[in-house]
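Please read the report below alongside the sequence and the model.

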Amino acid sequence: MHNVKHHLTDSLLMAYSAGNLPEAFNLIVAAHISMCDECRARAASFDSVGGALLEDTDMVDMEDGSFAETMRLITSGALAPIPAPICTAARGSVLPAPVRDYVGGDLEKVKWQSIGMGVKQSILPTSKDASIRLLYIPAGTAVPDHGHRGMELTLVLQGAFVDETDRFGPGDIEIADEELNHTPIADIGEDCICLAATDARLRFNKLIPRIAQPFFRI
Amino acid sequence: MKTKYDPTDWISHMTRIRDAQDQAAFAELFQYFAPRVKAFLMRSGADATLAEECTQEVMATLWQKAHLFDASRASVATWVFTIARNRKIDALRKQRRPEPEDLVWGPEEEPDQADILSLQQESEQLGRAIAALPEKQRDLIEKAYFGDLSHSEIAEQTGLPLGTIKSRIRLALDRLRHAMK
């Protein structure tokens with residue numbers, strides 16, 4: 001497990017548990033939980049709230065023959081088979097399992113698209129209410145200074161980045177809202193791979209990313 | 001009529017389904033949970049026909065995934081809720097539900113009985129705490145789970161006493177990680 005310092009908020013975890021997040025946010029939350037047992041436990045405690053509400057809810061009668069119908073469903077083999085659990089940590093992959101599902105494999109399967117100055121992105125297909133992309137930032141490079149109209153979540157998968165607020169390493173998630181205008185810079189040690197989800201279009205304050213001073217701190 | 005069941009008993013039902021494909025145990029679980037799942041799906045916007053169909057699928061999935069249920073991390077009601085929630089996203093919202101990587105016990109190891117018991121007790125206590133919440137607060141939480149409150153509409157401070165149950169689950173995860181090594 002990673003030594004995670006930056007975690008998800010309660011409202012995101014509750015919305016995840018309730019099933020009310022846009023697909024792109026669901027994906028980044030699932031990816032963070034795959035790397036962070038603290039948030040896995042927090043998410044599970046929010047699931048227990050759902051369990052408690054379910055026990056206490058009203059009931060609606062099932063139709064006659066419903067149980068027999070369910071048994072038929074089980075024995076007919078109509079249900080989709082359960083995929084075998086994958087443990088990416090054991091396999092040494094960079095991408096957590098839920099992200100691998102969207103990419104169709106690990107890093108070598110990602111279809112990168114250059115956005116300038118060595119920075120690459122790959123947009124993952126999700127529902128339209130929010131978007132999510134993988135970002136590849138060469139060591140020491142800055143992502144253009146940008147603000148956000150909505151909320152932006154950035155999860156580090158490899159390497160690290162530093163911005164005006166703090167340093168973010170593998171498993172750390174930065175939650176940025178409209179107030180934050182930031183320039184994330186990839187740490188000098190290693191190329192940085194992040195997953196970034198947003199529910200609005202990014203606003204770039206400059207058109208072209210610039211090479212930042214190499215970062216020797218930390 | 002709401003008969004109070006012993007939640008640890010539901011765990012033995014799950015074990016009977018997992019180990020012996022016990023239909024009688026499944027029938028009892030079905031009788032208790034299916035009408036609740038159906039109500040949950042209808043409150044989430046499904047009509048009666050869709051809710052009926054989805055509930056049957058949820059209950060069938062419960063049978064199919066019985067071997068993945070971990071009583072040191074969830075009560076049976078919580079487990080049913082997560083399956084129903086996923087079905088809601090899939091069938092009602094037509095979206096994929098990305099899931100975190102699975103952590104499962106290997107064939108040789110099982111969760112500790114003491115961990116199972118304390119988690120089940122914590123789940124019951126949480127249920128009582130939720131029932132005792134002021135009406136306004138409980139309404140908000142129900143809206144979050146049964147309605148469609150977005151993450152930005154959910155307050156950061158929910159007032160839910162989740163610290164103890166979270167610590168229990170965390171402990172169970174640590175033991176599982178240790179067993180996986």
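## Basis

This is a predicted model, in which local features need pLDDT of at least 70 and side-chain atom pairs count only at pLDDT 80 or more, while totals for chains, interfaces and linings use all residues. Residues are numbered from 1 along each chain as its sequence is written, chains are lettered from A and ligands numbered from 1 in the order in which they are written, and side-chain values use heavy atoms, with hydrogens and water left out.

## Chain A

Chain A contains six helices and eleven strands (DSSP runs numbered from the N terminus: H or I of at least four residues for helices, E of at least two for strands). Of its 218 residues, 57% are buried (under 20% relative accessible area; exposed is over 50% and partly exposed is in between, with a 1.4 Å probe and protein chains only).

Among contacts in chain A between residues at least 6 apart in sequence, 68% join residues at least 24 apart (contact means heavy atoms within 4.5 Å).

## Between the chains

The whole structure has 21 salt bridges over all chains (a side-chain nitrogen of Lys or Arg within 4 Å of a carboxyl oxygen of Asp or Glu). One of them pairs R177(B) with D37(A), with the closest N and O atoms 2.7 Å apart. R177(B) lies in helix α7 (residues 163–180) of chain B and D37(A) in helix α3 of chain A, so this pair joins two chains. D37(A) is buried at 4% relative accessibility, and R177(B) is buried at 17%.

E38(A) forms a salt bridge with K166(B) at 2.6 Å between the closest N and O atoms. This pair also crosses between chains, from helix α3 of chain A to helix α7 of chain B. E38(A) and K166(B) are linked with R170(B) and D174(B) in a network of salt bridges.

R85(B) and D47(A) form a salt bridge at 3.3 Å, N to O. R85(B) is in helix α4 of chain B and D47(A) in helix α3 of chain A. Both are buried, R85(B) at 2% and D47(A) at 15%. A52(A), in helix α3 (residues 37–56) of chain A, is buried at 14%. Leaving aside neighbours within four places in sequence, A52(A) is in contact with G127(B) and I130(B).

## Backbone angles

M117(A) has a positive phi, near 55 degrees. M117(A) is in the loop between β1 (113–116) and β2 (119–124) of chain A and is partly exposed at 40%. Phi of K94(B) is also near 55 degrees; K94(B) sits in the loop between α4 (76–92) and α5 (113–131) of chain B and is exposed at 67%. Most residues other than glycine have a negative phi.

## Charged patch

D129(A), D177(A), E178(A), E179(A) and D199(A) form a negative surface patch (residues with over 30% relative accessible area and no salt bridge, like charges joined within 9 Å, nonpolar side chains of Val, Leu, Ile, Met, Phe, Trp and Tyr within 5 Å). Asp and Glu count as negative and Lys and Arg as positive, with His and the chain ends not counted; a charge is placed at NZ of Lys, CZ of Arg, CG of Asp or CD of Glu. E178(A) is in the loop between β8 (173–176) and β9 (185–186) of chain A.

Notes
Accessible areas come from the Shrake-Rupley method with a 1.4 Å probe; for residues, only the protein chains shown count as cover.
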